[in-house]
Amino acid sequence: MTPSVDSSAGRGWLARLARGRAARGVLAVLGLLLLASALAPLYAPQDPYDLESLDLLDAELPPAWMEQGQSRFPLGTDAQGRDMFSAMLYGAGISLVIGICAVALQLLIGVSAGLVAGYRGGRVDAAIMRVADIQLSLSTLMVAIIVLGLMRSAFGSDRFGALAIPMLVLVIGIAEWPHFARAVRGSVLAEKQKDHVLAARALGLAPMRIVLRHILPNVASPILVLATVQVANAVIAEASLSFLGLGMPATMPSLGALIRAGFELLLSGSWWITLLPSLLLVAIILCVNVLGDAMRDALDPHSVLLSHYPR
Amino acid sequence: MAALTFVIRRLLQALLVMTAIATVGFAVQQSIGDPARELIGEGASLAERAALRQRLGLDDPWPEQLLRFLGRAAAGDLGASYTFRQPALGVILSKFSATFELVLAASLIVIAVSIPGGIYCALRPGGWQARTIMVASVAGLSVPVFLTGILAIALFSVQLGWLPSYGRGDTVALGAWTTGLLTSDGLLHLLLPSFTLASIMVPLFLRLVRSQMLEALSQDYVRTARAKGLPPMRVWLSHALRNAAIPLVTLGGLQVGTLLAYTILTETVFQWPGMGFLFLDAVARSDTPLIIAYMVFVGALFVLINTLVDLAYLLIDPRVTLAGPVR
C-alpha cells in the first residue's frame, strides 16, 4: 500500500511560503550566512583558532572605517589581536551548528516519544507525558546552568572546553524535547482516527510501518514550524550559556563567547569587540523568528487574517 | 479538613523533591573532588589524609554516607565552603538579599508595565500605539537578556555616563539583611539591572494580559456590566481583569525557574553580588559544597513559590478549593 499523504493540509504551504517576500528575504540571509561561515576557511583573512598567527601588537584595533583602523582588519581586532571579521564568521557557524544539532536531537527524542505516546495510548502514553510535564516544569536554562556548572567543575575548564559542543547539544537537546512530544502526540491522536490509518491497520500492517509511513508524513508540517522557532531558542540558550562561561571556550568562540570576551573591554571604550557579534546574534535570532512566523502563516492562511482581529 | 489535606500533601511533595535534590547533591559530592584534600591542602602526607578521611567517614559504605548526608542536610548543614571556610548555606543566604531586591524591583516593573500596557492594547487593538507596543514586544523577545544588559551599559554608562554599570552601590545593614533600597546610590545602581531583568519578562506578560483581556471583554458578563451603566474603568478592572488573572498567576508560577536563570545572567552582566554571581564563582573554583548548597536552596525556593501560587488561586477565584484547584 502506498504511503498516504493527506493533501488537504497540503504540501502547497511550502510553495506558499516561498512566494512570501519576508520569508524569501530571511531565507536568503540565513542561507548566505550558513554558506559564508561554512566556506570561511577558504577566504577569511585569518584562522581565528590558530593562536600562533596572532600578534599582540594588533590588539584592540578599531574597525577599518575608524581613525586608527587598518584595512587588514575590516571589523577591528580583539584583545589578542584576532581579526573580528574572521572570528565572527567562524563563531556564527558554531552558534548555528550547535542550535541546529540541538534541535535535531529534540526532534529525534520528541517525535519518537510523541508518536509512541499518541499511537499506543493508555499507560505508555500517561507515563511518557508525565515525564514530559515534569521536564517542562523545570526551566531549560536553569537546568542547563546547573548541569554545565557541575560538568565544568568536574572536568576543569580545559577538558570542559574540548567537550563543550557535544555537551551543549546534549543539554539543550534533552531539555526541550517535550515541546515536540506534545505537538506530535496531539496530531497523532487526531490522525489515527482517520480512514487511511484504519485501512492500513485493517490490512494488518506492522504498527511501526503505519506510524512512520502513514502518520508521520501527515504531522510533519507543524513540527517543521516548531523546529524553526526552537532553533532560535537554542541559539539564544547557547549564547547565554557561553556568555556565562559555561559554553564555548575563548579559544574556539561562538558568538556568545566572543561577546563574553569583549564585554570586559566595553567599559574601556573598545565597543566593537562586544557590539558587532551582538548585532550579528540578534540579526540571526530575528531572521529565524521571522521565518518561523512566515511558516506558520503559510501553513495556516486563516491565521494571517485572524491575527488582525481580536481573538 | 481540606486545608489540612492540602498542607500534608504539599509537605510530602516538598519532602520528596528536596530528598531527590539532596541525593543528586550527594552524588555530585562523591564524584567531584576529594573533601579531605580540599580541607587540609596539597601539602599533607598520605597518612594525615587517610586519618582525616577516617574521621570524616569518607571510607564508610556509600548508603551509610548518603543517610548521614541527608540527615545533616535536613538540619541545614550542607558542609563548609572550600573558599569561604564557612557553612555553605550561610554563604548562600548572605547573598540572598541582593538577589531578592533585584527580583523584587524587576517584578514591580513587570507588573507596572505589562498590566496597563496589555489592557491598553486590548482596549484599542487597531491603533498605532498598540501596534507599536506589540512589535516592540516581539523585538524584546528576540534579544537575549544578557545582550539587553550589555546594550544598556553601552548606552547609559559608557556613552552617556548617567548610570553606574556594576555592583550594588552603598548598602545599609538591617540586622542580618543588607539593603540597597534605602540609599540613593543603591537605588541608582538598581536601575539598570532591574530594568534589564524586567525587559525579558514584560513582553511575555503583556501579551498574555492582552489576549486574556480581549477574551474577557467579548464575554456576556462584560456586556451586561456595561449595559447596566457601570463606569468603564470598573468594568475593565474588576470584571474583565479579575477573570484574566488566573492564567497570569499560572504563567508567573511557570516562569519562576526561568526568572532565576535570567537573574544569574543579569547578575553576571552587572556584577551584582547575589546568589547567581556567587554560584558561577563557585563553579569556577570547583567549590562543591557551595554548588550543592545553591542547588538545594533553589530547589526549596521553587517548591515554596509553587505552593504560594496554588494559594494565590484561592484568593483570586472563590470557586477554587484547596482539595482540588480548578485550573
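**Close-up views of a predicted two-chain model**

Chain A averages a pLDDT of 80, and 86% of its residues score at least 70; pLDDT is the predictor's confidence in each residue, from 0 to 100. This is a predicted model: local features need pLDDT of at least 70, side-chain atom pairs count only at pLDDT 80 or more, and totals for chains, interfaces and linings use all residues. Residues are numbered from 1 along each chain as its sequence is written, while chains are lettered from A and ligands numbered from 1 in the order in which they are written.

**View 1. Confidence along chain A.** Mean confidence in chain A is highest in helix H7 (residues 164–175), at 90, and lowest in helix H13 (residues 301–306), at 46. Helices (H or I, at least four residues) and strands (E, at least two) are DSSP runs, numbered from the N terminus. Residues 5–9 of chain A stay under 50 in pLDDT; the model gives them five contacts beyond four places in sequence. Residues 303–311 of chain A also stay under 50, with eight such contacts. Two residues are in contact if their C-beta atoms, placed from the backbone, lie within 7 Å.

**View 2. The side of chain A that touches chain B.** Here 32 residues of chain A are in contact with 30 residues of chain B. H6 (140–162), H10 (207–243), H11 (255–266) and H12 (272–299) of chain A each supply at least two residues of this side. H6(A) gives the largest share, nine residues. By type, the side of chain A divides into 22 nonpolar, eight polar and two charged residues. Ala, Val, Leu, Ile, Met, Phe, Trp, Tyr, Cys and Pro count as nonpolar, Asp, Glu, Lys and Arg as charged, and the others, Gly among them, as polar.

**View 3. Helix H4 against helix H5 in chain A.** H4(A) (residues 84–120) and H5(A) (residues 122–137) pack at about 145 degrees, with axes 7 Å apart. Axes are lines fitted to C-alpha atoms, for helices over the stretch in contact, and angles run from 0 to 180 degrees between N-to-C directions. Ala113(A), Val116(A), Ala117(A) and Arg120(A) of H4(A) meet Gly122(A), Val124(A), Asp125(A), Ile128(A) and Met129(A) of H5(A). That contact comprises six nonpolar, one polar and two charged residues.

**View 4. Ala23(A) and its neighbours.** Ala23(A) lies in helix H2 (residues 21–38) of chain A. Ala23(A) counts as buried because it has 20 C-beta neighbours inside 10 Å; the cut-off for buried is 20 or more other C-beta atoms within 10 Å. Not counting residues up to four places away in sequence, Ala23(A) touches Leu17(A), Leu291(A) and Ala294(A).

Conventions:
A residue is buried if 20 or more other C-beta atoms lie within 10 Å of its own, exposed if 12 or fewer, and partly exposed in between; C-beta atoms are placed from the backbone.
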